[in-house]
Every structure is written in C-alpha cells, then in structure tokens.
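Work through the exercises below with the sequence and the structure at hand. Each task is followed by a solution in steps.

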Amino acid sequence: DALNVKIAKAFLDISAAHYPERLGQFVLLDAPPMFNMLWKAIQSFVDPKTYRKIRFVPYDAMSKKKAAAPSGGHFARLLAESFDEGTQAWLARE
C-alpha cells in the first residue's frame, strides 16, 4: 500500500532515532493530492522542530527559463532563498 500510515510512522521514528537534528530543510515539491491524506494522518507524530522544517511547495514554474528566474513562482523563490546560483540552476534542471 503506497500510503501506509504505519510505514510512514516507522520512517519518522527511525529518522528521529538515528538522525536527530540533521535535517536542515525538507521540501515536498508538488506533492500529489493523495499525499495530503497521508500527511494529515501522520503530522501529529512529527517532532515540532522537524515539523517547522517541512515545506510544501507547488511546482508552478513550468519552464526551465521560468524556474531559473527569481520571479518564476513558489519553486523558484524557494531555490533563491535556500541555495547558491549554481545549485539553483542544477535543481531547476533536475
């Protein structure tokens, strides 16, 4: 089952136990609508510090040219806020 709450909870527990405070930022880019149901089921299990590091970003910068531009939408703004220009260009291409 692709949206298994038990598996998601186990992932959160293992991550918290083995990688505490290693997460700088967790970006979910253009998460499918089905993910919203899973997120609602598991968000109460997420540590508050980790919760604040999670960002949901719609991918509204549809062209590479637009994605690379600072005004290209939510995704481009996230890249500009978080990464240097070389990393931004690489992420926009990927």
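**Exercise 1.** State what share of the chain's residues counts as buried, and describe the surface that the chain exposes.

Solution. The model is a predicted one. The chain has 94 residues, and 21% of them count as buried. The exposed surface comes to about 7000 Å², of which carbon and sulfur atoms supply 59%.

**Exercise 2.** Count the helices and strands, and give their order along the sequence.

Solution. Begin with the count: the chain has 6 helices and 2 strands. Next, read along the sequence; the pattern is α-β-α-α-β-α-α-α.

**Exercise 3.** List the residues of the largest nonpolar core and find which element gives the most to it.

Solution. Step one is the list. This core has 9 residues, namely Ala8, Leu12, Leu28, Phe35, Leu38, Trp39, Ile42, Val46 and Ile54. Step two is to assign them to elements: α1 (5-18) and α2 are the elements that give two or more residues. Of the elements, α2 gives the most, with 4 residues. Another core lies apart from this one; it has 5 residues, including Phe75, Leu78, Leu79 and Ala92.

Leaving out residues up to four places away in sequence, Leu28 touches Phe35, Ile54, Arg55, Phe56 and Val57.

**Exercise 4.** Find how many aromatic pairs the structure holds, and classify the pair of Trp39 and Tyr51.

Solution. The structure holds 3 aromatic pairs. To describe a pair of aromatic rings, use the distance of the centres and the angle of the planes. For Trp39 and Tyr51 the centres are 5.8 Å apart and the planes form an angle of 15°. Planes under 30 degrees apart count as stacked, and the pair of Trp39 and Tyr51 is stacked.

Then place the two residues. Trp39 lies in helix α2 (residues 33-42) and Tyr51 in helix α3 (residues 48-51), so the pair ties together parts that are 12 residues apart in sequence. Trp39 and Tyr51 also belong to one aromatic cluster with Phe35 and Phe56.

**Exercise 5.** Decide for Trp39 and for Tyr51: buried or partly exposed?

Solution. Buried means under 20% relative accessible area. Trp39 has a relative accessibility of 12%, so Trp39 counts as buried. Tyr51 has 39% relative accessibility and therefore counts as partly exposed.

Definitions and conventions: Residues are numbered from 1 along each chain as its sequence is written. This is a predicted model: local features need pLDDT of at least 70, side-chain atom pairs count only at pLDDT 80 or more; totals for chains, interfaces and linings use all residues. Side-chain values use heavy atoms; hydrogens and water are left out. Rings of Phe, Tyr and Trp (its six-membered ring) pair if their centres lie within 6.5 Å; planes under 30 degrees apart count as stacked, over 60 as edge-to-face and the rest as tilted. Buried means under 20% relative accessible area, exposed over 50%, partly exposed in between (1.4 Å probe, protein chains only). A nonpolar core is a set of buried Ala, Val, Leu, Ile, Met, Phe, Trp, Tyr and Cys residues joined through side-chain atoms within 4.5 Å. Contact means heavy atoms within 4.5 Å. Accessible areas come from the Shrake-Rupley method with a 1.4 Å probe; for residues, only the protein chains shown count as cover.
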